Each structure stands twice: as structure tokens, then as C-alpha cells.
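Here is a friendly walk through one protein model, from its sheet to a pocket and a single side chain. Please keep the viewer open as you read.

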Amino acid sequence: MKIKNLFSRRVTSLLLVFLLAFTMLPTGALAAEATDEIHVHTGECSHEESVETIVAAEDEAVVSELAAETYEIASDTEVTEVAEETTEAATETETAEDTTSGYIKESSVEWSYDSSTGRLTISGSGDCAEFTSADDQPWIAYRNQITEVWFYDMDALSISNIAYWFDGCSALTMAEIPYTTPVIGTRAFADCPNLTTLMFYYYDADNFKIVPGAFYTPSTTQTSLRVVTEQQNAVLNIAIYNWAADNRVIHLTDAYGIMTLSGCYLSDCSCSSCDWYYSYTVLNSSKHNTIVCCTNCSAQFLLSQDAHSFSSNGYCSDCGYYNSSYDTSICYHTSTYYSWSGCTYYEYCSNCGEYISSGTSHGSTYTEWSGCDWYEYCRDCDQLMDSGTSHGTYSYGSWQYYSSTRHRRSATCNDCGETSYSYGNHSKTTKYTNYSDTQHQYGSYCSTCSSYVGSTSKQNHTYSYGSWSNYSSAQHRRTKSCTLCDYSTYEYASHSLSYGSWTSYDATQHKRTVSCSCGYSTTEYANHSLTYGNWTVSEGEYYSTKHERKVSCSCGYSTTEYEEHSLYGVSDYKYSDEKFHMREEECACGYPCNVYSYHSYKTTYESVSDTTHNVIKTCSLCGHSTTSSEAHSLTYGDWVSYGDTQHERTANCSCGYEGLDYDRPVCRPSPGRDPGAQMGLRFSGYGNALPAGTQSLAYRE
């Protein structure tokens with residue numbers, strides 16, 4: 001009976017432990033599946049198999065260990081304690097996992113540390129703030145436990161600099177470097193003595209930089225660099241970094257084929273036990289080509305085009321190109337002095353004393369221009385002193401293909417229109433360009449003049465296809481692109497649309513959403529069906545100028561509409577003062593007001609004497625009247641004879657006054673006749689006019 005009870009307890013204990021182990025297994029499996037989904041490398045990556053094998057082995061070891069412990073449990077109480085301890089351990093694990101992940105410096109870049117494998121994973125998207133020291137590492141608590149570093153979502157990440165990221169990770173053995181990161185910065189992997197494998201995925205088009213000391217380790221360390229061998233420029237950029245200064249002996253291998261590279265690392269090298277060296281060829285007056293060459297065979301690769309570095313003798317220290325401007329042994333007579341003899345001057349170099357020129361100076365000069373031709377004359381004698389042609393600024397055309405070695409562009413003077421050409425050597429690289437819907441062409445291409453140099457070859461496009469995405473209100477589309485050239489086109493399919501409910505949009509329209517599962521979304525609009533309230537007096541800031549009414553729609557839209565008062569008179573105009581009259585007015589909304597306006601006078605005139613008339617102004621609206629007096633403003637008719645001694649003319653005013661004006665003519669006597677003697681009168685000293693005050697006197701004999 002005792003044996004039976006003991007066996008029963010052991011079986012129960014065994015079942016409980018296996019149930020706990022079985023409950024934990026799916027979590028591990030799901031984690032493995034998630035890892036396989038995120039990781040972008042191919043099945044040929046050896047690290048994936050090794051990690052899975054280790055995890056499987058660890059799982060088996062855990063299960064065996066738990067099974068062994070099961071048979072040592074002797075009572076139901078012990079089984080309960082084991083279950084409680086297992087639950088507490090699981091809770092502690094979950095709590096620990098909560099503290100082993102997060103986001104880097106408030107960005108969308110996420111980190112996660114797995115204590116069971118020592119793996120640090122970087123994922124997410126975008127960039128984050130740069131680290132200024134190793135203390136900025138959010139995983140600093142696990143710095144000495146991290147053994148692997150992996151970057152997921154490399155396409156989405158755009159981390160600009162990984163300076164100090166893994167500084168001091170002493171247990172780190174292997175790390176990926178994202179190809180979307182342009183700078184492997186200060187002490188990025190410094191003091192990582194166990195780091196023996198580095199994964200590089202940079203492309204030739206990637207402009208990346210390794211800062212000196214980024215991989216420094218105190219002692220000599222054998223390091224495997226896994227690179228994409230097809231990306232020759234990127235491989236050379238990695239290989240020529242001064243690894244020895246960081247105490248690392250490197251071994252380059254193919255990142256995908258895991259094939260060790262040796263020698264000069266040039267892709268077309270056919271020998272072994274070789275090395276590489278730099279060779280330089282003159283490109284033009286400002287640059288030379290820097291070429292990486294194999295020490296044994298003819299393999300070479302154009303690495304870059306760099307500016308000349310001139311020494312004091314005028315020669316480039318790399319390619320030997322000579323530029324006299326940098327030759328300090330040549331005197332360019334930059335400073336001169338003059339010796340004068342009358343108006344003749346002699347110019348000498350202040351540095352070497354050499355005679356430069358001589359001439360005659362007539363004092364100040366002036367310059368005349370004809371287009372870009374100039375003529376300098378003496379201001380004193382107008383003698384032509386000098387002449388020449390000085391072009392101003394130029395307008396340059398685009399570079400055009402000229403020959404198999406050079407291109408040229410036109411240079412036109414902006415002042416006179418004279419045209420010349422400037423030339424440059426081709427800068428050739430291999431380029432693929434679209435030729436047709438099925439083929440592209442490739443050959444040596446100069447990017448400066450945008451032309452192929454020499455013959456080209458053709459081959460069929462190699463296509464890659466993008467994901468379906470929204471194109472228009474009617475269709476999806478996806479890209480169909482050639483992986484070598486710039487040819488790209490689209491394939492199309494119709495949307496499957498769904499419609500939302502109508503809602504208010506603005507003062508005139510409703511709207512509703514129209515969307516597709518592909519992400520396409522738009523909004524349709526329709527006019528409101530508005531209802532209008534009655535106009536009422538505004539009680540706010542518009543009280544004296546506007547009235548208001550409510551405008552609303554059944555969709556919930558509501559607003560207040562304002563309009564200027566439309567006033568009409570409710571009384572006659574009344575006199576207010578000398579300038580204004582007023583009347584009471586009212587708007588249909590009920591707003592009352594008094595309106596003042598200037599008098600509208602009608603002017604009439606009333607003659608009151610031979611010299612003055614009254615000016616009567618009467619307002620046509622309120623009847624107010626004013627009267628003032630002013631002198632006549634007379635207009636005169638022609639003079640006509642009135643008698644033997646006088647003539648007369650009419651004198652009229654616009655007020656209606658009519659009168660006559662009299663005057664005595666000045667008579668000229670006939671020879672031998674004195675009319676004054678005949679009349680017994682004589683006028684003298686008055687000319688054609690009578691003395692003042694006598695014009696209206698009538699004189700009759």
C-alpha cells in the first residue's frame with residue numbers, strides 16, 4: 001500500500017512538471033517563428049542554423065533536467081512547492097523581459113535583449129539621436145553579456161551614425177552593420193576583444209565612412225569580415241580601412257557564399273598571394289584618377305577621382321601633373337614699382353628687379369566702349385592710349401559629346417554675344433540605360449555630357465516587381481522595374497470601393513469617405529440643404545451695422561449669417577444745424593437710427609439794386625434757407641453809338657439784372673478841323689476812357 005501511494009505521487013509529480021514544460025514550449029516556438037519572419041538573410045546563413053540548434057539543445061536539456069528532478073519529489077507538498085517556484089520563475093522572467101527592451105532616445109528605433117541567447121536586436125524605422133559616449137547605450141546593464149548584434153528592418157532604418165553603440169561589449173562575438181547607416185562612428189565597436197565576425201552589406205552606391213578607431217581592440221584580434229563580393233567599390237572601401245591601427249588582422253569572406261577572399265580583393269584578379277597598390281593617372285588640370293591595382297596581374301579598379309596635391313615645385317605629389325602656378329621658383333611679378341622720366345614710365349618687378357614694361361602717361365584717361373572692345377584716351381589731348389577686348393560674364397551651354405576622349409560646351413559673352421568653346425575629358429563609368437520596353441543598353445558612359453563613349457551592347461531587362469499600391473480613384477498599381485537600368489513601368493487593377501456615411505464638411509457641403517482596402521481613400525461632397533431663420537437685430541459687435549439670422553442643415557451644420565442693415569425713412573428730413581439735416585430711419589429687422597446728411601442746397605438769385613443782388617440757398621430736403629448779398633457779376637455787349645458825344649452798351653448779370661453802360665469816344669479831328677472847337681468842348685488826357693466815376697454820366701447838348 002505504501003509502494004502504491006509513493007508511485008502515485010511520483011506519477012502525479014511527473015505529469016505536473018511535463019504539463020508546465022509543455023505550456024512553456026509554444027512561447028519559444030512562436031519566438032522562433034517571429035525571428036524567422038523578421039530576419040532578412042537567406043537560408044544559407046550559417047548563424048541561423050547554429051542559433052536554432054543551440055535553442056533546441058537548450059530546450060532538450062531543460063526538459064531532461066526537469067524530468068530528472070521529478071523523480072526526486074517525494075510528496076504532494078513538494079509537487080506543490082515545485083509548481084509555485086516554477087510559476088514565480090516564469091513571472092520573474094516576464095518582468096525581466098519587460099526591462100530588456102525599449103526605444104532609443106524617444107525615436108522609432110527599438111532595441112531588445114534576449115538573456116537566454118545573449119542576442120541584442122535593433123529594429124523599427126527612421127533615425128535617432130547620436131550617442132556622445134558609451135553611457136548613452138540603453139542596454140548598458142547587459143553590455144558584458146551581449147554576444148550577438150542583429151539589425152532587422154534595415155530598409156526602414158536610417159540610423160545616421162552608430163558611434164559608441166557597442167563600445168565596451170566585451171562578450172560580443174558577432175555583429176551585423178546595417179547598409180543604411182552611412183557612418184560607422186567613433187568607438188562604434190571599440191574594446192570588443194571577442195568580436196571576430198562582422199557582417200557588411202554595403203552597396204557600391206552607398207556613401208559610407210569608417211571613423212578611425214571604430215573597431216579598436218587593445219590586443220591583436222583575428223577578425224572575419226563578411227562582404228558582398230559583387231559590390232567591388234564597397235569591398236575596397238572596407239578593405240583599405242586601416243585595420244592594423246585597430247589591432248585587427250582581417251580575413252574577407254563572401255557574406256552569402258562564406259568563401260574566403262585573399263590577396264588584393266579585386267574581383268577580376270586571377271592570381272593568389274598578391275597585394276594591392278595605388279596607381280594614379282592624370283584626368284585633367286584639377287583631378288587625377290586613383291586606381292587600385294594588383295601587384296601580380298593586370299587586375300585594377302577605378303576607386304575615385306581626386307584633386308591634385310601640388311608641392312612647392314609645382315608637381316602633384318601623387319600623379320606628377322605640373323602646374324606652374326604652384327612652382328615657387330618662378331617669379332610672377334606680383335609686386336611692381338615705377339620709375340618716371342617726364343611722362344614716360346618704366347615698370348620693374350619689386351621682387352626680382354626685372355624690367356616689365358614702359359610707356360607714356362598723359363595723366364588721367366577715359367574709356368569708351370563698343371560692345372566688348374574698349375578704347376582708352378587721354379583726357380588732355382584725346383590721344384588713343386590703349387585698346388583691347390574685355391569680355392564680361394559668360395553664359396555656358398550644357399556639356400555635349402565632342403570626341404571619344406573629350407566633351408565641350410559653348411561659352412557666350414553676355415555683353416557682346418561672342419561664342420567660344422571650353423573642353424573637358426570624359427569621366428567614364430559603366431552605365432545601363434533603358435533602350436526599349438524589353439531591353440536596355442550598357443557601355444562606358446560619361447555623366448558630365450550624358451553620353452555613351454564608344455559602342456554599346458543590349459540585353460533583355462531583368463525585372464523585379466513591387467507591391468500593389470494605390471494609383472488613382474479607379475485603380476491599384478505595382479511597379480515593374482529593371483534591376484540594372486532605369487526602366488520602370490506599372491501594372492494596374494481596379495479598386496474595390498466601400499462608402500462611408502455623409503457628414504457635414506463646411507458651410508456649403510456634406511462629405512463622405514470612399515476607400516479601398518489597398519489604402520486608397522477620397523472624399524465625396526454634396527451641397528447642404530439649408531433652412532433660414534428670420535432676420536433679427538444683432539446684439540453683438542454688429543448691432544449698428546448688420547442684422548443676423550440662423551442658417552442650418554439637417555446634417556448638423558449650423559451658422560449665423562450677417563447682412564448690412566437695409567434702412568428706410570420713417571419721417572421727413574428736419575433741420576439740425578447749419579450743415580446737416582436729419583430724419584428717423586429703420587431696418588426691416590427692427591433696428592432704429594437717426595441719419596444725418598449734408599444740406600442739399602438749390603441756389604437762386606434776386607436782383608436788389610444796380611450794383612448788388614441776393615444769393616438765396618434753399619435745401620431741397622428740409623427747406624432750410626439762407627440769404628446773402630454780393631455784387632453783380634456783369635457781362636457786357638458791344639459798344640453802339642448813342643449820340644454825337646457818347647456810345648453805350650448793355651450790362652447784364654446772371655441774377656436777371658439788365659442795365660446800360662455809357663462812355664464818350666475819343667474823336668480824331670480831320671486835318672484842319674477841331675471838333676471840340678465846333679462843339680465848344682475839348683477832352684484831353686483820358687484816352688478811350690472817361691475819368692473814374694463818369695462812365696454812366698449821360699451827356700447831351
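## The open sheet

Eight strands make up an open sheet with mixed pairing, and their order is E1-E2-E3-E4-E5-E7-E9-E10. Strands here are DSSP runs (E, at least two residues), numbered from the N terminus, and two of them pair if DSSP finds at least two bridges between them. At the edges sit strand E1 (101-103) and strand E10 (248-254), each pairing on one side only. From one strand to the next, the twist averages 20 degrees, with axes taken as lines fitted to C-alpha atoms and angles running from 0 to 180 degrees between N-to-C directions.

This is a predicted model, where local features need pLDDT of at least 70 and side-chain atom pairs count only at pLDDT 80 or more, while totals for chains, interfaces and linings use all residues. Residues are numbered from 1 along each chain as its sequence is written, and side-chain values use heavy atoms, leaving out hydrogens and water.

## Two pairings to look at

Strands of a sheet pair through backbone hydrogen bonds, either parallel or antiparallel. For the parallel case, look at strand E3 (residues 119-124) and strand E4 (residues 148-151), joined by four bridges. Leu120 has Val149 of E4 as its bridge partner.

For the antiparallel case, turn to strand E19 (residues 365-370) and strand E20 (residues 373-378), which pair over six bridges. Thr365 is bridged to Cys378 in E20. Two residues lie between the strands of this hairpin, and Gly371 takes a positive phi near 70 degrees.

## The second largest pocket

The second largest pocket holds about 740 Å³ of space. A pocket is an open set of points on a 1 Å grid over the protein atoms alone, where a 1.4 Å probe fits and protein lies on both sides within 12 Å along at least five of seven lines; lining residues have an atom within 4 Å of a point. The volume is the space filled by probe spheres set on the points, which are joined across faces, edges and corners.

Of its 20 lining residues, Phe301, Leu302, Lys428, Thr429 and Thr430 are the closest to the centre. Strand E13 (300-307) and strand E26 (428-434) each supply at least two lining residues, and E13 gives the most, with five. By class, the lining has six nonpolar, eleven polar and three charged residues, with Gly counted among the polar ones.

## Around Asn323

Asn323 belongs to strand E15 (residues 322-327). Its side chain reaches the backbone nitrogen of Ser325 at 3.0 Å. Leaving aside residues up to four places away in sequence, Asn323 touches Phe310 and Gly314 (contact means heavy atoms within 4.5 Å).

Key. A polar contact is a pair of N or O atoms within 3.5 Å; within protein, one must be able to donate a hydrogen and the other to accept it, and residues adjacent in sequence count only if both atoms are side-chain atoms.
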